[in-house]
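Dear colleague,

Please find below the structure that I am handing over to you. My notes on what was found in it follow directly after.

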Amino acid sequence: MSCPIGSHEQLELLQAYCAGERNTPDASALEKHLEVCAACRELVASQQAVWSALDEWKAPAASADFDRRLFARIEREVSLWDRLLQPFRPLWVRLAVPLAAAGCVAIMVGIMLDRRSVQPQPVPAELAQPEQIEHALDDMQMLNDFNAATRADRANAKM
Amino acid sequence: MGGLAATLDYDAELMVRVKEGDGASFTVLLEKHRSPVIHFLYRMVQNQAVAEELAQEVFLRVYRSRGTYEPTAKFTTWLFRIATHLALNSLRDGRNERLQERLDADSGESASRQLSDSRPSAEAAMVKEVRMEEIRQAVAGLPEKQRAAVLMHKYQEMEYSQISKILNCSESAVKSLLFRAYETLRARLAHMA
């Protein structure tokens with residue numbers, strides 16, 4: 001194999017080797033290369049030093065009352081409703097999508113039926129027009145009469 | 001590996017039981033994953049009090065989300081995704097910095113205690129503490145995502161594929177994160193050989 005130093009991919013292989021991945025064909029080839037390459041041996045040694053150093057870093061154990069505090073929080077923060085509904089939740093989750101789909105379909109059908117029933121019947125134009133014009137003319141006449149009467153009242157009041 | 005897969009399947013099975021209302025299964029999951037989660041969070045935020053507070057939040061969220069849990073991925077992928085999310089948020093909101101100051105003050109106190117100790121092991125203990133501090137600082141100096149990737153790879157022994165799912169990136173991105181992180185650590189810690 002070619003020297004891993006200088007090749008990003010090969011260096012990843014070398015890191016994987018240092019991390020303990022040694023039962024691969026690549027690892028066997030690397031081991032052969034290490035026998036003849038001092039620079040790579042040095043790199044492996046320094047990388048293994050990093051791993052050993054990280055191994056020394058122990059995290060502290062959890063507090064003795066960790067579980068008690070957690071369960072107290074669960075008791076406090078998870079609502080009563082949540083607990084009451086919990087046994088039904090799997091059923092509810094399973095049924096929610098089909099129920100929602102069925103609801104949507106029902107609403108759509110309802111809207112369509114409703115539109116069909118309240119649609120106004122078309123009125124023949126030749127019958128509607130003279131009647132409407134007649135009503136409009138009557139309304140205009142009535143407004144003119146009303147305005148004239150109002151003007152006359154105001155003039156009388158000023159005098 | 002087969003044993004590991006079986007264990008992970010068992011975790012998911014336990015979580016499904018929690019979903020169905022079996023509180024005892026939650027206790028089993030807590031017992032099994034408490035330490036790995038706390039240790040991961042401790043190494044991420046480097047403060048035990050904050051790590052425990054975050055771990056409580058992780059398990060609380062697991063319990064709260066039980067109703068919508070679907071065993072589509074490994075349980076630990078889901079668990080560490082929550083843990084990583086909370087740790088990164090904690091680091092970003094600066095809450096940890098205030099506590100870090102306290103931690104620094106504490107380690108200063110412990111160093112002075114050790115200096116005044118007349119026992120022969122005092123010097124060795126102090127050397128060890130200095131060494132640990134170097135390691136902690138080297139890891140703390142890594143960018144957040146690199147740090148999370150290294151901790152999951154090194155201490156949780158996770159595969160690239162699982163880390164990629166937790167960090168929501170590609171496997172090649174994980175390899176790149178790890179490569180850069182180990183290069184940085186090598187530069188900072190190689191003298192410890």
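Chain A of this predicted model contains 7 helices and 0 strands. Read from the N terminus, its elements follow the order α-α-α-α-α-α-α. Of the 159 residues in chain A, 23% are buried. Among the contacts in this chain that link residues at least 6 apart in sequence, 50% join residues at least 24 apart.

On the H1(A) side, the residues in contact are A:Leu13, A:Leu14 and A:Tyr17, and they meet A:Asp26, A:Ala27, A:Leu30, A:Glu31 and A:Leu34 of H2(A). Sorted by class, this contact has 6 nonpolar, no polar and 2 charged residues.

A further helix pair joins the two chains. Helix H3 (residues 38-56) of chain A and helix H9 (residues 171-189) of chain B have axes that come within 9 Å and cross at roughly 90°. H3(A) and H9(B) are therefore also roughly perpendicular to each other. From H3(A), the residues A:Leu43, A:Ser46, A:Gln47, A:Val50, A:Trp51, A:Ala53 and A:Leu54 take part, and they meet B:Tyr182, B:Leu185, B:Arg186 and B:Leu189 in H9(B). The classes here are 8 nonpolar, 2 polar and 1 charged residues.

In general, nonpolar side chains in soluble globular proteins tend to be buried together. The largest nonpolar core in this model has 68 residues, and those with the most contacts inside it are B:Phe40, B:Leu41, B:Met44 and B:Leu185. Helix H2 (residues 23-45) of chain B supplies the largest share of this core, with 10 residues. Leaving aside residues up to four places away in sequence, B:Leu41 touches B:Gln46, B:Ala51, B:Leu54, B:Ala55, B:Val58, B:Ala83 and B:Ala87. A second, separate core has 12 residues, including A:Cys18, A:Ala27, A:Leu30 and A:Leu34.

Finally, I turn to the aromatic rings. Over all chains, the count comes to 8 aromatic pairs. In one of them, the ring centres of A:Trp57 and B:Tyr42 are 6.3 Å apart and the planes stand at 55°, so the pair is tilted. This pair crosses between chains: A:Trp57 lies in the loop between H3 and helix H4 (66-77) of chain A, and B:Tyr42 lies in helix H2 of chain B. A:Trp57 counts as buried, at 1% relative accessibility, and B:Tyr42 is buried as well, with a relative accessible area of 9%. Together with B:Tyr155, A:Trp57 and B:Tyr42 form one aromatic cluster.

Another pair consists of B:Phe75 and B:Trp78, whose ring centres are 6.0 Å apart and whose planes are at 65°, so this pair is edge-to-face. B:Phe75 and B:Trp78 both belong to helix H4 (residues 75-92) of chain B, where they are 3 residues apart, about one turn of the helix. Are these two residues buried or partly exposed? B:Phe75 is buried, with a relative accessible area of 1%, whereas B:Trp78 counts as partly exposed at 23% relative accessibility.

Yours sincerely

Definitions and conventions: Residues are numbered from 1 along each chain as its sequence is written. Chains are lettered from A and ligands numbered from 1 in the order in which they are written. This is a predicted model: local features need pLDDT of at least 70, side-chain atom pairs count only at pLDDT 80 or more; totals for chains, interfaces and linings use all residues. Side-chain values use heavy atoms; hydrogens and water are left out. A nonpolar core is a set of buried Ala, Val, Leu, Ile, Met, Phe, Trp, Tyr and Cys residues joined through side-chain atoms within 4.5 Å. Buried means under 20% relative accessible area, exposed over 50%, partly exposed in between (1.4 Å probe, protein chains only). Helices (H or I, at least four residues) and strands (E, at least two) are DSSP runs, numbered from the N terminus. Contact means heavy atoms within 4.5 Å. Axes are lines fitted to C-alpha atoms, for helices over the stretch in contact, and angles run from 0 to 180 degrees between N-to-C directions. Angles under 35 degrees count as roughly parallel, over 145 as roughly antiparallel, 65 to 115 as roughly perpendicular and the rest as oblique. Ala, Val, Leu, Ile, Met, Phe, Trp, Tyr, Cys and Pro count as nonpolar, Asp, Glu, Lys and Arg as charged, and the others, Gly among them, as polar. Rings of Phe, Tyr and Trp (its six-membered ring) pair if their centres lie within 6.5 Å; planes under 30 degrees apart count as stacked, over 60 as edge-to-face and the rest as tilted.
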